[in-house]
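Please take me through this structure stop by stop. At each stop, tell me what to select in the viewer and what is found there.

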Amino acid sequence: MYKYVAKYFIPSKVFKFCNLTALPAFIIGIIAFLLSSNFVIYSLPADIEQQEIYRILFIHVPSAILSELIYLFLAVNGFIYLVWRTKISAIFLNSAISLGLIFTAIVLISGSIWGKPTWGTYWVWDARITSTFILLIQYIGLIALRSSFSSQQTTDQILSIVSIIGAVNIPIIKFSVDWWNTLHQNASITTSGSAIDSEMLIGLPLMLVSLLLLSFSIFARNIQFEILTRTGKTSAMREIING
Amino acid sequence: MIRKNRLNKIYLIIFFLLSVGLITFFILRALEKNIDLYLTPSDVKAADFNQPDDFKLGGMVKVGSLEKLEGLEISFIVTDFESEMTVIYEGVLPNLFKENSGVVATGSLNSEQNQFIATEILAKHDENYMPVKIEVQN
Amino acid sequence: MDNIETVLFTFLISISLILILSLSSYIRFMTKLKNCQEDLDD
């Protein structure tokens, strides 16, 4: 299996793929974001309880999903890197950290703005909010670690280990609303269905796809940067840059 | 398929992750008091309840229990459908505060231990979202 | 602030954060690419 997967992940091929897709993903992403934002803010009906303010959900929830998925992505790549020593996993890991940080920041900011008019407070140290805040610190920690070691290999190994350990926080964030009495409400979308009316629900995948496209364009540029940083030999560099 | 030293490494990482998970579990158990949890009226009414300091009381506002006292002062009953507790509060209320809706109040019990004097009221909303239109149709 | 304005404001902050990251990633990559090309030309 390794043989079949590995041939698609040669740095020069990945670089070329990213070079081709980064700009289109960005342009489509921006257009999709503007259209779906317009749709969820002006076209969808208001909520019975929360009126207009509930629309923050459409940026809050997709960002929350992404901030957690990106962390799992880091941990999985860290795991693959530690076991198989595949350089590309380390490149993926390094390229996704800043994205995760931004989405975690968006979750906390949008949640805070949402909390004031609905709950009556910007911030409480409830289990969901505290564990998400810890996720933010984990991302900041990873970014700090990235520039703390002189050797690239040591950095990659440390980042892998730290991101694997930190993955323990992800189930805690997910289940915090079930395990403890929190001010934060329970999950709306569970295996038994959605507590968000189907008419409104459509906004979520739209926003999620737009954010995914924008994330991919950033991710691709970061990958290209990491590949260039890690390529030493002139011949290899020539092959990457000139295609 | 997978070479032996790689397999060993996988076992090592899984073992490591499980240990970290277990440690985190016990740390969380120990720190539980420091996260902003709320107590239900049943917790407060329980025989072994002993908390003179401020704490948080959470539950549903009982239908028909919300009363205006003098000025901005209000009183209502918080219920968890097993026990009830009367809450007295004076101040600004969040928009979503209403009867038959979730609430988390910060404060302390009065000297007779039968009323909860709140200093802050937060509304806890549920996970349901319904368009306004449906209500109009009914 | 009006509710719908608050929502707009939140969306605006979010997209600005994403755009800032996007721009900084792009600049970081282009600078690196330029340096590498100069090294190759030498």
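The model is predicted, so local features need pLDDT of at least 70 and side-chain atom pairs count only at pLDDT 80 or more, while totals for chains, interfaces and linings use all residues. Residues are numbered from 1 along each chain as its sequence is written, chains are lettered from A and ligands numbered from 1 in the order in which they are written, and side-chain values use heavy atoms, with hydrogens and water left out.

**Stop 1: the chains**

Colour the model by chain. Two pairs of chains are in contact (heavy atoms within 4.5 Å), and of these, chains A and B share the most contacts. Chain B and chain C have no contact, and their closest C-alpha atoms are 12 Å apart.

**Stop 2: chain A against chain B**

Select the residues where these two chains meet: 44 from chain A and 37 from chain B. The buried area is about 3,700 Å², with 64% of it on carbon and sulfur atoms. Buried area here is the accessible area (1.4 Å probe) that two parts lose on being put together, summed over both. Now pick out I48(A), W180(A) and N181(A), which supply 16% of the area that chain A buries against chain B, more than any other three residues.

Next, show the side chains of E49(A) and K98(B), which form a salt bridge at 2.5 Å, N to O. The term stands for a side-chain nitrogen of Lys or Arg within 4 Å of a carboxyl oxygen of Asp or Glu. The count of salt bridges between chain A and chain B is one.

Then turn to the side of chain A that touches chain B. Helices and strands are DSSP runs (H or I, at least four residues, for helices; E, at least two, for strands), numbered from the N terminus. The elements giving two or more residues to this side are α3, α4 (87–118), α5 (127–146), α6 and α8 (198–201) of chain A. The largest share, five residues, comes from α3(A).

**Stop 3: chain A against chain C**

Move to chain C, where 25 residues are in contact with 38 residues of chain A. About 3,000 Å² is buried between the two chains, and carbon and sulfur atoms give 83% of that area. Select F11(C), F29(C) and L40(C): together they supply 23% of the area that chain C buries against chain A, more than any other three residues. The number of salt bridges between chain C and chain A is zero.

**Stop 4: F97(B)**

Go to the loop between β4 (84–90) and β5 (102–109) of chain B, where F97(B) is found. Is F97(B) buried or exposed? F97(B) is buried, with a relative accessible area of 9%; buried means under 20%, exposed over 50%, and partly exposed in between (1.4 Å probe, protein chains only). Leaving out residues up to four places away in sequence, F97(B) touches V61(B), L66(B), I74(B), F76(B), V103(B), I121(B) and A123(B).

**Stop 5: helix α1 of chain B**

Finally, select residues 4–31 of chain B, the 28 residues of helix α1. The buried residues of α1(B) are I10(B), I13(B) and V20(B). Show chain A again, as the cover over these buried residues includes α3 (57–84) and α6 (152–166) of chain A.

Key. Expected span 1.5 Å × (residues − 1).
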